[in-house]
Amino acid sequence: MPRVHSLFALLVFLVFLSAGFTTVFAEDSGSGHDESVSDVSSEAKYAGKTETQIDTDEALEDDDKDAALKPSEKFKARHHEIELVEDVPETIDRKETDAEGVPDTPETNPSDDRTRSGNLDVYYDCKDNRFGPPTHRLGPRESAYVITETRLREIRSEFLYCFFDKGGDDGNGDYQQDIHNSVPQIHKNFNFQLPFYGFRFNYTRLSMNGYLEFSDPPEHYTYPLVFPIKEWPKKNDPAFIGIFFSKSRIGKIRNEDVDQRRPGVYFRLERDLQSRTDQFGVEMRERLKWDIREGIIGADTFNPKHAIIVTWKNMSFAGGIDNSLYRTNTYQLVLATDEVYSYAIFNYVNLQWTSHTEAGGDTTTGEGGVPAFIGFNGGNGTQSFEYKPYSQDSVLRDLVGRGWTNGFPGRHIFRIDEKIMVGNCNKDIAGANLLLMFAPESGNMLGGTVVNITGPCFVPGEKIQCRFDDTTVTGTVVDSNRAICVQPFMMAEGYVRFEIATGVSKFNWKGKFFVETPATATDRIFFEGDSVHERAPAEIRISWNKHNLTTSESAPIKISLWGYKETTIRPELLYIDMIEESTVNSGSYIISPGNFRSRSNPGTDNLKFGFIHINLTNPTQHAGLTVSPVLWSKPIPLAWYFNGQWERKYGSRWSEELCNDWITDDRYLKNFAAEVSQCPCTLEHALADKGRFLPDFDCDKDANPSCFYHKGAVHCVRSGAPSQIGSGQQCCYDKNNYLMLSYDQQWGSWPHRSHNLGFLPWNEANKVPTLSHWYHDIAPFYMCCLWQEEQAVGCETFRFERRPTQDCVAYQSPFVATVFGDPHIITFDDLEYTFNGKGEFVLLHSDTPKQKFDVQGRFEQLPDNIYGEVRATQLTAIAARDNTSAIIEVRLRPKHAQWRYHLDVFAAGKRVYFDRTSLRIQHFPGVTVYMPTYILNQSEIIMMFESGAGVEVVENEGFMTTRVYLPWSFMNQTRGLFGNWSHDIIDDFTLPNGMMGSVGTNINNFESIHKDFALHWLLEDKDDPNKGVALFTREFGRTASFYANKTFVPEYRKNPQDIIPSNSDIMWRSGDSSVWTQK
């Protein structure tokens, strides 16, 4: 009988349990959850229990959860209790939050925010909940969760991001129970790409020692820590994100601690945030988006796609004794990425110790010694960023009270994808040259760009001054981490100094701001068709991106007209008229030129060209700024506005009168045609002359084939730099690839009195970038040709006398030398040889009283392959300088860091990029550097020096090729691995002392070339006048001797058959494993 009762009781229990699970699955199916079971909330689970009972239950769970609970409690521990709502009001306002701004929604109670799931509404909050949310996917009849402004403010008011120690598949939530003192690090897969310091990673190694690691560390560390590891590649150099890089162990919490979640490491991964519709996913996306957009400059359009939250809770230091386990630190790392840009947030809750005992810390308090490293390392000997003044310094504890990102003390933010940009201010650094962070880093020369600034800690109401080049403006403080200044109109181009002063302090915070010429600046206002170029158009349609001014479409804007005047030594940008006093920011507008025919502008009616200008009428109300962003058009002719006034002043033939006035003025100016380079006769030669000509932005076969000023042309080129008097050349080519002459038609090539880049000093007549070029060369073409007949006297005078195409008969093409592969060298005299040296070498050295030119190359050994050491080298960096120009260096990026850029470019020691249209051509002192328009990944860079010399660097399949182009003025003036250019290969092996190397005529003797010639051109740390000083940018203490290895012995044998053993020398094994036979 006892057995029968037992079986009956068991049967009843199973029936009851089955019914319970049927209910669970039915509810789960209605809610649309993927997982059929999940965890109950902590409030429901521990309702009615004392604190001691709760602690006991948690301890039992850690050992054996299921054994400690009754069957009904087991069920509750696997499922969130949710309230069934029969009728949901359909009038609930659910306006979406877009990528541009937080919606204007009525104030609501945060408790009213709900996740709409069919007939179920779930309100989930992680503030007081230790259970992680279930994985949610939208069901077929569910509507997406929409966050309200009130709810967004509420979740953003919390310092830490959510992490949980309960729930999930194993009941541990985000808690990483596999991490402990015996196993301090575990592997984690992302299943997405995290851009970090130029590389991309889809995995990480999570360490209890306060960092995420992406590559192998060295066997031992020495303190203080220095990155990159100087001994790399002999010693591993790890890539890592270090929020508190110091040996740690899991500490303990006290009963009276408010947060009773378990001490240890927590890891949470939130993927596909852009498409998530569940409450937790939407709230995570919106919180991250606005924390980052408002927390760091330059992130105004960032929309997170994936996020990682790592929390180190109550971590003690390694090597401690006694009660040191209660001396703990708590901090959190939040990573967000859209797989192009990446951001890191460091949240420091509590720091009670600074160093572990191995680094010299006290065994009881964790004080003294070398404090933790805070910062980032790119790995593989590349780049490193140490967060000063906190990292490895006694002020490390101040991290808890500094930062102030999003208004939180203890929060610090960084952009980390390509280079490390700090988003918070720093009041603890003093100096005269402090690094300034600002965005955007470039702006139109005409001004109006709103520049966001981070660097010094700002005080609301404090005076702030911004100095752009030599113009100082007053800025506005936004918060302690951010201030804004509006870039003024300044006559300059390229990189100019940008400095900040706060209060009564000096201009200690400094950077470089790139000034875009009006002709090459990013297009902000677009013209539909060619009506703006006509004498008297009926209408002109313009459009712009309305979000470049404000996110409010109802904001009123003003449209005005400005012009340029150059009749005195001081050029002027003048206001002409208001086109529209107030209209909505719709993104488009139609100008009716007939409305302005009766206007009278006696002070500006002599202006021939100008610009459309758009700005906000009330920026304080609609953009939250005291100043308005400004949009400028490209230069445009002004006949559509002034034609009525010109007709009243000059008569119906007003264009002829304007042209005659210009011809008279131009005849008084100095002749410039003899100062510019001759045009090549064919397009093939023009494209190959990399030292003197670059594509014309107005007629480029790859980027702008419209060629408005040279109809019938397929491509035009311009001189890369102004001549000694500021002029420039232009050469256009027809469909047969021949030079188009102005003698044949009005669309032919013509030289320019003023180069688009201007000429120093930029603030004088004839020298202003773009404006002087338009004044002297483009506007006259309208007056004399486009607004007259082609056979008009004025147009013929323009074509035959004032701007005639120069004959190409005297053109001399440059000579070329190259280095490529592993490496193979071809000299200017076409001598070919191979040299596998290791170190930095002189490729070309020219030092004469008239001109000095140096090109140097760095050769590094190829990495080992599956067969072992590779005894060969490859070209990995090029540095060049002409006379007193800026030094330009181009480096080959590591293979796994080429997902975005293939080459790194340094100008005067500063890393520069060419991935924006307005930055594709950059001018530095004495040199113009550009990336061709058909290149998108920065795999080709061309340097154009004032002497006419050019250097082209190309990356392809991990190898770098360099070509040097020299004009004939360098004949018999070159030395180095590229030889003496004399049209005679006999003297190409000239040594630095002027003697001939004893190589002889056998150029296939690689060993003789290596030892008797090429090694003599190795650069050393000392200055040698016969070689020149090393030009490479020195980072992390790596001088020429770091790369040099005179004793390196490469593979000298040339033919594969000399290296690969013949079949007769190969031993093979017969069927009998003990018998070897020679075949």
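The dialogue below takes these topics in turn.

Analyst: This is a predicted model, in which local features need pLDDT of at least 70 and side-chain atom pairs count only at pLDDT 80 or more, while totals for chains, interfaces and linings use all residues. Residues are numbered from 1 along each chain as its sequence is written, and side-chain values use heavy atoms, with hydrogens and water left out.

User: How many residues does the largest nonpolar core have, and which have the most contacts inside it?

Analyst: A nonpolar core is a set of buried Ala, Val, Leu, Ile, Met, Phe, Trp, Tyr and Cys residues joined through side-chain atoms within 4.5 Å. Buried means under 20% relative accessible area, exposed over 50%, and partly exposed in between (1.4 Å probe, protein chains only). Here the largest core has 87 residues, and Ile 453, Phe 498, Ile 542, Ile 612, Ile 614 and Trp 640 have the most contacts inside it. Helix H11 (residues 771-786) gives the most to this core, at 9 residues. Helices (H or I, at least four residues) and strands (E, at least two) are DSSP runs, numbered from the N terminus. Another core, apart from this one, has 55 residues, including Phe 914 and Met 960.

User: How are two packed helices described?

Analyst: By the angle between their axes and the distance between the axes. Axes are lines fitted to C-alpha atoms, for helices over the stretch in contact, with angles from 0 to 180 degrees between N-to-C directions. The axes of H9 (residues 654-667) and H12 (residues 793-802) come within 10 Å and cross at roughly 20°. H9 and H12 are therefore roughly parallel to each other; angles under 35 degrees count as roughly parallel, over 145 as roughly antiparallel, 65 to 115 as roughly perpendicular and the rest as oblique.

User: Which residues of H9 and H11 make their contact?

Analyst: Contact means heavy atoms within 4.5 Å. The axes of H9 and H11 come within 8 Å and cross at roughly 145°. Ser 655, Leu 658, Cys 659 and Trp 662 of H9 meet His 776, Pro 780, Met 783 and Cys 784 of H11.

User: Where does Ala 521 lie, and is Ala 521 buried or exposed?

Analyst: Ala 521 is in the loop between strands S25 (509-516) and S26 (525-527). The residue is buried, with a relative accessible area of 4%. Beyond four places in sequence, Ala 521 contacts Asn 444, Glu 516, Lys 634 and Ser 918. Ser 442 is 79 residues from Ala 521 in sequence, and their C-alpha atoms are 9.3 Å apart.
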